[in-house]
Amino acid sequence: PTVPTTLPLVAVGAGLLWFGWFGFNAGGAYAADGLAAYAFTNTTIAGSIAMIVWMLYDWHYDRKPSFSGVLVGAVAGLATITPCAGYVEPWAAIIIGAVGSSVCYYAKYVQERLGFDDALEVWRAHGMGGVTGALLLGILASSNIDKVNASIHQFLMQLLGVIIVAVYSFVVTIIIFKVISAWGPIRVTKEEEEAGLDESLHGEEAYKM
């Protein structure tokens, strides 16, 4: 796991991220109306529930809660609720936060099995959380909120969207990697990584430890 340089700054960053998420989700309504209020409320409910669920997992498996883990859990919940913040009732946001946190937590075993780096937990929190939220929209959406109702048809439409985005993202990422690799290696050497990229690539130190 990535060790934060300073945990208080990680907490400040997570708080700023959460605050910005209200604008991201509620702002999607393009008006200060009931839909924006639902999105705002669902965002904070899912993020809060995900924090608690993640803490319980840490407590169960590691016998102690982790503050950095709780912050990752919050981001997982925020990422999961994002696709459906303006489509579900607040009670559904509780389920979405809990399910999203669980999926993102256990996704680490897939990550470890595949052996790829994810220093910012982007694949786990945003990737798996986003996929989970998109699929849950088809199961929990309420037409009372924004004219979309849960159904088999809606779930299949969500699944199709997830597949298209996943394939597109994979193909475009491979192309970008291939183009960049033509000018040099994608990854730095082990020695450069241990020394720190500030020193090895820029000749300066960001932190005096």
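**View 1. Ser102, a buried residue in a predicted model.** This model is predicted. Ser102 has 18% relative accessibility, so this serine counts as buried. The cut-off for buried is under 20%. Ser102 sits in helix 4, which covers residues 90-114. A polar atom of the Ser102 side chain lies 2.9 Å from the backbone oxygen of Ala98. Setting aside neighbours within four places in sequence, Ser102 contacts Val53 and Tyr57.

**View 2. Tyr57 and Tyr106, an edge-to-face pair.** Ten aromatic pairs are counted in the model. Tyr57 is buried, at 18% relative accessibility. Tyr106 is partly exposed, at 33%.

**View 3. Tyr61 and Tyr105, a stacked pair.** Here the centres lie 6.0 Å apart, with 20 degrees between the planes. Tyr61 belongs to helix 2 and Tyr105 to helix 4, 44 residues apart. Tyr61 is partly exposed at 38% relative accessibility. Tyr105 is buried at 1%. Ring pairs join Tyr61 and Tyr105 with Trp54, Tyr57, Tyr106 and Tyr109 in a cluster.

**View 4. The second largest pocket.** Its volume is about 440 Å³. The lining has 13 residues, and Trp123, Val165, Ala166, Ser169 and Phe170 lie nearest the centre. Helix 5 (122-140) and helix 7 (152-181) each give two or more residues to this lining. Helix 7 gives the most, with nine residues. By class, nine lining residues are nonpolar, four are polar and none is charged.

Terms used. Residues numbered from 1 in each chain as written. Predicted model: local features only at pLDDT ≥ 70, side-chain atom pairs only at ≥ 80, totals over all residues. Heavy atoms only, no water. 1 Å grid on protein atoms, 1.4 Å probe; cavity = no way out; pocket = protein on both sides within 12 Å on 5 of 7 lines; lining within 4 Å. Points joined across faces, edges and corners; volume = space filled by probe spheres on them. Helix = DSSP H or I, 4+ residues; strand = E, 2+ residues; numbered from the N terminus. Nonpolar A, V, L, I, M, F, W, Y, C, P; charged D, E, K, R; others polar. Buried < 20%, exposed > 50% of the residue type's maximum accessible area, 1.4 Å probe, protein only. Polar contact = N/O pair within 3.5 Å; in protein donor to acceptor, adjacent residues only side chain to side chain. Contact = heavy atoms within 4.5 Å. Phe/Tyr/Trp six-rings, centres within 6.5 Å; stacked < 30°, edge-to-face > 60°.
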